[in-house]
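Here is a friendly walk through the model on your screen. Please keep the structure open as you read.

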Amino acid sequence: MSRHIRKFLSRVLLPASAVAVWLAAPTALAAQDAPTLESTAAAIELVQRHADFLWTLIAAILVFLMQAGFALIEAGMTRAKNAVNICMKNIMDLSMGSLAFWLVGFAIMFGPSGGWFGTSGFMLSDYATDQDPWLYVFWIFQTVFAATAATIVSGAMAERTKFSAYLMFTVFLTAFVYPVFGSWAWGSLYKGGGWLEGMGFIDFAGSTVVHSIGGWAALAGAVVIGPRLGRFTVDGKPRAMPGHNLVFATLGMFILWFGWFGFNAGSTTAATIDIALIAVNTNLSAAAGAVAAMVTAWTFLKKPDATMTINGALAGLVGITAGCATVSPGSSILIGLAAGVLVVFSVLFFDRVQIDDPVGAISVHGVCGAWGTLAAGLFNAGGVTLAIIGTQLIGIVAAFLWAFGTMFVFFKVLHMTFGIRVSPEEEMAGLDAFEHGNEAYGPDTFSSSAAGITA
Amino acid sequence: MKKVEGIIRPHLLESVKTALQEAGVVGMTVTEVKGFGRQKGQSESYRGTEYKVEFLPKLKVEVVVAEAILEAVVSAFLSSAKTGKFGDGKVFVSPLDDVIRIRTEERGESAI
């Protein structure tokens, strides 16, 4: 462009345009309607709605990442020859779970209900009538919760379960068992309504709805399938089967702890200031759980065992999940401390009664889920009454009877007909080659033989 | 020609290699092995259950040497791999029938 034209643009035309706009603007703007109280209120409501969508979706994404946490912790605490199988079960818990929850589960959990289960809204059909995309955000948030419940079981049944049998279980849980109980406690969050929530049952983010349901399903599976070969001697003493990568297990714990901020704080499903207290409670309980478990292991087992400490942090997280919105930070610490102690003794207990739980899922999620639900009553900031505690206990027992009952029957029938356990030869060789034709750590792996001899 | 195999503590590889080279060794093969002699294993625990780890990681260093430097090589192993505690390892000396260099197909001591 020539110097003269440039000079003209910058020194004449541009300033002249600016002045013209500045003179014309007030008239142009005055041509719109002036803001009224009603239009301002509507605008504020719209911004709040957008913020609710934003927060809930981000929280859902945080909870999604917990699937990676579960995969790492389960793989790390089991043997390398089964690592691919662990990964596949976790991939399918999320994938088949999402589809099952879309197809059937969400409608049962949140559809209009007589108090026991929902009956419409399959495949997100409500969108056709309501045209409200809130359905989508709410669905995705609930889906990652359902997937969390399903994946709890994969750890307890690790290293000996037929992959095909496991797939059947995961569909059954996310399509039916999880949503039915969920509808009892959370149905009214959308279009449903449950008998349990009608009684005032407190379970803000799912100590029972998600974790105990998953934990008791895990118990049923572990009981039916039996312990891994060689896990207990003939006189019933446990044999150690150390996990193959405790760094993975630790990373898994951190990722779960991270995602739990979405799990708990996101359960407001609204961008409100409540998320602050919830996040603080979540962190304090996890920290207290980790410390308490470490001290308990150090005292009673002579060493600060890493896997117990990891279980302790998760126990604290599960324990605060029910009451995270309705207890004080000081109470969170107490809840976490108790969960950390409880989880260690629970793990030892299940060893004593010869129920093999490779990752402690039953103790972390089932037992500490029950504790967390009770604690929400015992430490309720709004006041503690016998009625509240009674309702919590009813919910705890109902969850156990429903989840353990249905899953025990399911696994038992499946085991007697189809068989849910792999053959002993396969179990010895490891599931990865037989079930999947894969090796997690093939000949190319950066293993010690390739890298260890350094001089 | 003799084959000399030393089972040594893994962290001493660097000093053993240097000592062997100073004694006239030009090549060696190292393998990761596990074993025990009089060194006791250790007790570990996992989630409250104790278990013993008896096979301890060691390294096996194999060299092929001419008879002329055999004593120097054995001394090199001993001086560089000894800590004085149980678990220092052992050196095995065995006769060797032949050595062939793959690239040139030389045989005998010139192939070492």
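## Chain A at a glance

Chain A has 17 helices and 0 strands; helices (H or I, at least four residues) and strands (E, at least two) are DSSP runs, numbered from the N terminus. This is a predicted model, in which local features need pLDDT of at least 70, side-chain atom pairs count only at pLDDT 80 or more, and totals for chains, interfaces and linings use all residues. Residues are numbered from 1 along each chain as its sequence is written, while chains are lettered from A and ligands numbered from 1 in the order in which they are written.

Along the principal axes, the C-alpha atoms of chain A fill a box of roughly 95 × 70 × 45 Å. Of its 455 residues, 49% are buried (20 or more other C-beta atoms within 10 Å of the residue's own; 12 or fewer is exposed, in between is partly exposed; C-beta atoms are placed from the backbone).

Two residues are in contact if their C-beta atoms, placed from the backbone, lie within 7 Å. Among contacts in chain A with a separation of 6 or more, 78% join residues 24 or more positions apart.

## The nonpolar cores

A nonpolar core is a set of buried Ala, Val, Leu, Ile, Met, Phe, Trp, Tyr and Cys residues joined through C-beta atoms within 7 Å. The largest one holds 127 residues, and Ile213(A) and Ala217(A) touch the most other members. Helix α3 (residues 83–110) of chain A gives this core its largest share, 13 residues.

Which residues does Ile213(A) contact, leaving aside its neighbours within four places in sequence? They are Ala149(A), Tyr178(A), Phe181(A), Thr208(A), Ala399(A) and Ala403(A). Another core, of 17 residues, lies apart from the largest one and includes Ile8(B), Val61(B), Val63(B) and Val73(B).

In chain A, the axes of helix α2 (residues 37–76) and helix α5 (residues 134–156) come within 9 Å and cross at roughly 15 degrees. Axes are lines fitted to C-alpha atoms, for helices over the stretch in contact, with angles from 0 to 180 degrees between N-to-C directions. α2(A) and α5(A) are therefore roughly parallel (under 35 degrees; over 145 is roughly antiparallel, 65 to 115 roughly perpendicular, the rest oblique).

## Where the chains meet

The contact takes 16 residues from chain A and 11 residues from chain B. On the chain A side, α11 (306–321), α12 (329–352) and α17 (448–451) each supply at least two residues.
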